[in-house]
Amino acid sequence: MSDPKVIFRGTGVTRRFGRGKNLVEAVKNVDFTLTEGQITTVVGESGSGKSTLARMVLRLLPVSEGTLEFNGTDVTTITGSARADYWKDVQAVFQDPFSAFNQFFTVRRLLSRSFRLLGERAAAEARMEEALNHVGLFGADVLDRFPHQLSGGQRQRVMIARALMMQPKLLIADEATSMLDASLRVNILNVLTDLRDTLGMTILFITHDIGQANYIADQVLVMEHGEMVEQGPADKVIFDPQHEYTRRLLSDVPRLNQSA
Ligand SMILES: Nc1ncnc2c1ncn2[C@@H]1O[C@H](COP(=O)(O)OP(=O)(O)OP(=O)(O)O)[C@@H](O)[C@H]1O
Ligand SMILES: [Mg+2]
């Protein structure tokens with residue numbers, strides 16, 4: 001087997017908001033890598049900088065300092081068509097699938113927004129079915145429905161399918177399960193691990209819940225107040241945490257601790 005490949009590398013990544021008295025260092029000099037075909041989870045309390053980091057990786061937010069490399073190419077400052085190409089490779093799913101939907105659009109219309117990028121209609125239809133199948137849905141069941149006619153779990157799966165339409169190499173899921181109740185949450189986590197196992201998808205999964213990190217992650221990055229305080233293989237970070245903050249996050253998850 002060849003060595004696992006680093007698909008993404010962030011070096012000295014820093015993001016500041018505001019100035020003077022209002023200066024917030026949301027992400028401070030963070031170094032990290034994402035390994036191809038692995039699920040990397042960023043975990044940390046509210047306000048620790050997780051979403052800011054994700055938005056920089058997505059190139060939705062400029063970095064204040066540092067560099068971002070995707071597949072060996074510097075993407076720190078790409079704009080225009082280079083960034084549009086980047087967004088074919090790097091797709092995201094966010095917390096609240098309802099707010100991302102237009103209430104008056106069917107699932108078909110939502111997914112078919114990617115048609116113009118894909119060209120031919122028949123090919124796009126096939127791609128749509130394939131993307132839905134990857135998240136355990138069938139076109140015949142959901143394509144002609146409106147968002148309010150889907151369950152919360154189905155809505156989130158449709159959002160993942162929409163991201164998959166582009167056949168991305170990296171999928172970013174920012175609190176993609178936090179609006180769901182426990183059983184649906186596990187269902188979505190299983191969809192993500194299936195994507196890793198069947199497609200070899202690289203996933204950056206963001207959560208405030210270290211229990212979910214334990215369930216899903218190959219690698220865990222722990223953030224506290226904008227700093228990356230600990231990172232490593234999931235079993236190491238979860239079962240042999242080196243940092244006090246990681247231990248505190250773990251102590252908030254009683255069930256997980258018992259099994260440790
Ligand atoms: N556009 C912005 N302008 C000013 N400050 C911001 C902005 N976006 C984020 N911040 C600040 O940066 C810090 C990190 O925010 P971020 O949203 O990245 O945290 P988070 O870890 O995703 O939290 P949560 O778990 O609540 O989603 C917070 O102090 C936040 O208030
Ligand atoms: Mg967030």
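Q: What do β1 and β2 form, and how many residues lie between them?
A: In this predicted model, β1 and β2 form a hairpin with six residues between them. G18 sits in the turn, with a positive phi of about 70°.

Q: What makes β1 and β2 count as paired strands?
A: Pairing needs at least two bridges. Eight bridges join strand β1 (residues 6–17) to β2. The two therefore count as paired. They run antiparallel.

Q: Which residue stands opposite E25 in β2?
A: R16 stands opposite E25. Elsewhere in the pairing, F8 stands opposite L34 in β2.

Q: What is the order of the strands in the open sheet of four strands?
A: The order is β2-β1-β4-β5, with antiparallel pairing.

Q: Why is one side of β2 and of β5 left without a neighbour in the sheet?
A: β2 and β5 (73–74) stand at the edges. Each has a single partner strand, so one side of each has no neighbour in the sheet.

Q: Why is N29 called exposed?
A: Exposed means over 50% relative accessible area. N29 has 56% relative accessibility, so the label applies. N29 is found in strand β2.

Q: What marks out phi of N29?
A: Phi of N29 is near 50°. That is a positive value in a residue other than glycine.

Q: Why is Q167 called partly exposed?
A: The label covers values between the buried limit of 20% and the exposed limit of 50%. Q167 has a relative accessible area of 44%, so it is partly exposed. Q167 is found in the loop between α8 (152–164) and β7 (170–174). Its phi is also positive, near 50°, and Q167 is a residue other than glycine.

Q: What makes α1 mostly covered?
A: Six of the eight residues of α1 are buried. They are K50, T52, L53, A54, M56 and V57. Each of these therefore has under 20% relative accessible area. R59 follows α1, with a positive phi near 60°.

Q: Which residues are around ligand 1?
A: They are F17, V24, A26, E45, S46, G47, S48, G49, K50, S51, T52 and E175. Each belongs to the shell because one of its heavy atoms lies within 4 Å of the ligand.

Q: What makes S46 a polar contact of ligand 1?
A: A polar contact is a pair of N or O atoms within 3.5 Å. An N or O atom in the side chain of S46 is 2.6 Å from an oxygen atom of ligand 1. The pair therefore qualifies. G47 also qualifies, through its backbone: one N or O atom there lies 2.8 Å from a ligand oxygen. For K50, an N or O atom in the side chain is 2.8 Å from an oxygen atom of ligand 1.

Q: Which elements give two or more residues to the shell around ligand 1?
A: They are β2 (24–35) and α1 (50–57). The largest share, three residues, comes from α1.

Q: What is the make-up of the shell around ligand 1 by class?
A: The shell has three nonpolar, six polar and three charged residues.

Q: Why is R185 called partly exposed?
A: Buried would need a value under 20%, and exposed one over 50%. R185 has a relative accessible area of 23%, so it falls in between. R185 is in helix α9 (residues 182–199).

Q: What makes R185 and T177 a polar contact?
A: The cut-off is 3.5 Å. The backbone oxygen of T177 lies 3.4 Å from a polar atom of the R185 side chain, so the pair is within the limit.

Q: Which residues is R185 in contact with, leaving aside its neighbours within four places in sequence?
A: They are T177, S178, L180 and Q212. R185 and Q212 are 27 residues apart along the chain, and their C-alpha atoms are separated by 9.0 Å.

Q: Why is Q219 called buried?
A: Buried means under 20%. Q219 has a relative accessible area of 11%, so it is buried. Q219 is found in strand β9 (residues 219–224). Beyond its neighbours within four places in sequence, Q219 is in contact with T33, Q38, I39, T40, T41, Q231, G232, P233 and A234.

Key: Residues numbered from 1 in each chain as written. Chains lettered and ligands numbered in written order. Predicted model: local features only at pLDDT ≥ 70, side-chain atom pairs only at ≥ 80, totals over all residues. Heavy atoms only, no water. Buried < 20%, exposed > 50% of the residue type's maximum accessible area, 1.4 Å probe, protein only. Contact = heavy atoms within 4.5 Å. Polar contact = N/O pair within 3.5 Å; in protein donor to acceptor, adjacent residues only side chain to side chain. Nonpolar A, V, L, I, M, F, W, Y, C, P; charged D, E, K, R; others polar.
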